[in-house]
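User: I've got a model open and would like to go through its strands, helices and packing. Could you set out the ground rules before we start?

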Amino acid sequence: MKRERSEHLFEKAKNYFPGGVNSPVRAFRSVGGTPLFIQKGKGSRIWDADGNVFIDYCCSWGPLILGHAPDEVVEAVKTSVEKGSSFGAPTSLENDLADLILSNNPFIEKIRFVSSGTEAVMSAIRLARGVTGRSKILKFEGCYHGHVDSLLVKAGSGLVTFGNTSSAGVPESFVNETIVVPLDNEKAVEEAFVKFSNEIACVIIEPIPANNGLLLQRKEFLQFLREICDKNNSLLLFDEVISGFRVGFTGAAGLFGMRPDIITYGKIIGGGLPVGAYGASAAIMGNISPEGGVYQAGTLSGNPVAMSAGIAQLTECLKPGFYVDLERKTKYLIDEILRLTPAELHDRFKFFSVGSIFWIAFTSENAIRSAEAIDADSMSYFRVLHKELLERGIYLGPSGYEVGFVSDAHSVEDLRITAKAFAETLPIALAQE
Ligand SMILES: *Cc1c(COP(=O)(O)O)cnc(C)c1O
C-alpha cells in the first residue's frame, strides 16, 4: 500500500500542530505508523491522499450514521450555507431540529444546542451543580466525557477515591470535586454516597460506555444508579454523545426504558457538523440563562448550517426500520467473521455489540463490564489486526480501545468483504507472541 503522500502531509503537519494533529487519537500512536490523510468519503468508503480506498468503520468516531456525504445532508448544507452561515440571532432551523428531537423523545422536554460533546457535558454538569447547589460529581473509570477539566480524572488506588488527573494542567482543587469509582460495582457507589452524603450533585455515566472498549452494563446497575440518585437528591446524567441516535432514536434511555435527569448529545445529532446538546425536563432546563441563573452561551450555538445537517440526518434516522436494519447488518458482520474464522480461535477473541456499535476484544471472557477487566497486553493483537486490515482496505479507528460503527451506507457486499478480511487477518494477529 502506498503511503508516500500521507507521510509527506504528516511531516508537514508536524510543523503546524502538536504531534501533527488536531485531536490526539488521530496520530495513530497506539497502532504505530503514519495516520492516513483522507481526501474524500462517499457512502461506506474513504479515499486517502495516495488514492487508497477503504471501507470505513470509524465513521468520524460515530457521527456518520448515514455514511459519508449522504445526498440528503449534502443538499441541506448547500441550501443552508447559501443563505448565510451564521447570524448570532435565532433561526427557524433551531426550532425544526428541536421539534424533530423533542417530539420523538419522551425523556426530555427542553434542549439547548451547543457546538461539541465536550461543551454539552461541561454545561450539563454546571446545570446539575446549579440545580442541586452541590459541587461534587461522581464518574466511572472507563467512561469518557470529553476534555472537561473536572472529568479528566482517573481512579486513584482505593475503591472510592478522588481521582488523579489524567491530564497536566488540571488543578488539584478541581479534581477534589470528582469522585471516581469502577463501573459495574454497586458497593463502590454506595460507599461514595455514604462518604459524601448531601455533597454529590450528579452521577454521570455513559449508559453504554463506548470510549474504552464497549463495556456493556447490566440494566440492574443502571437502575440502581437511578434509585440511589433519587434517594440522595442527586441528579442522574446520561452522557449519550455516542449512544444517542445510535442505538435507537432515543438512545440508551429508550433502549433501557430509563429516565435520567439530564441527557447530553453530540456526534450524530449534527449530521457530521459540530453540534452538541443537552436536554432535561422543562423544570430543570428552566435553570439555564436567560430563564434561570446557570449561565451558558455560544456564538455559533444552533448554527444554521449545522442545524440543517442535523435535521437532514435525523429525518433519515426516523424512517421505519432504520435501526432494525442497522442492527441486523452489524449482527451479520459479526456472524460472518465468526463463520469464516477457524473455530479453534473462537475462545481467543470476542465481539461485543449493541445496535450498530461493535468492539473486538482479545479475551476469552464472555463479558467485560469495567475498565479493569480489559487486558492491556491484548492490545498488541489489535496493532497487528489494524495494520493487516488497512492493507486489505478496511479502516478501523486506530486504537484497540475504540469501537467500530456500521452505517446505513454499508452494503451487505461491504460486510462480506470486511468479514473475509477479518478472517484472513485474525489468525495473523493471534499468531503474535
Ligand atoms: C465524543 C464524546 C464526548 C466528547 O465530544 P466531543 O464532540 O469530542 O467534544 C463526550 N462524551 C462522550 C460519551 C463521547 O463519546
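Analyst: Helices (H or I, at least four residues) and strands (E, at least two) are DSSP runs, numbered from the N terminus. This is a predicted model, so local features need pLDDT of at least 70 and side-chain atom pairs count only at pLDDT 80 or more, while totals for chains, interfaces and linings use all residues. Residues are numbered from 1 along each chain as its sequence is written, and side-chain values use heavy atoms, with hydrogens and water left out.

User: Which residue in the turn between β2 and β3 has a positive phi?

Analyst: β2 covers residues 45-48 and β3 covers residues 53-56, and the two pair in the antiparallel sense over three bridges; pairing here takes at least two DSSP bridges between the strands. W47 sits opposite V53 in β3. The hairpin leaves four residues between its strands, and the one in the turn with a positive phi, about 90°, is G51.

User: And which residue of β16 stands opposite D56?

Analyst: β3 also pairs with β16 (residues 394-395), this time in the parallel sense over two bridges. I55 is opposite I394 there. For D56, the residue across in β16 is Y395.

User: Why is one side of β1 and of β16 left without a neighbour in the sheet?

Analyst: These strands belong to an open sheet of four with mixed pairing, in the order β1-β2-β3-β16. β1 (38-42) and β16 are at the edges, so one side of each has no neighbour in the sheet, because each has a single partner strand.

User: What about the three-stranded sheet: which strands are at its edges?

Analyst: That open sheet runs β14-β15-β17 in order, with antiparallel pairing. Pairing on one side only marks the edge strands, β14 (350-354) and β17 (404-405).

User: How many bridges join β14 and β15?

Analyst: S353 faces F358 of β15 across this pair. β15 spans residues 357-361, and its antiparallel pairing with β14 runs over a number of bridges, namely five.

User: Is T330 buried or exposed?

Analyst: T330 is part of helix α11 (residues 322-340). Leaving out residues up to four places away in sequence, T330 touches S353, G355, S356, I357, F358 and V406, where contact means heavy atoms within 4.5 Å. On the accessibility scale, under 20% relative accessible area is buried, over 50% is exposed and in between is partly exposed (1.4 Å probe, protein chains only). With a relative accessible area of 1%, T330 is buried.

User: Which elements do the buried residues of α7 pack against?

Analyst: Buried positions in α7 are F221, L222, F224, L225, R226, I228 and C229. One of them, L225, touches F140, V189, V203, I205 and L236, not counting residues up to four places away in sequence. As for elements, the buried residues of α7 pack against β5 (136-141), α6 (186-195), β10 (200-205), β11 (235-239) and α8 (251-256).
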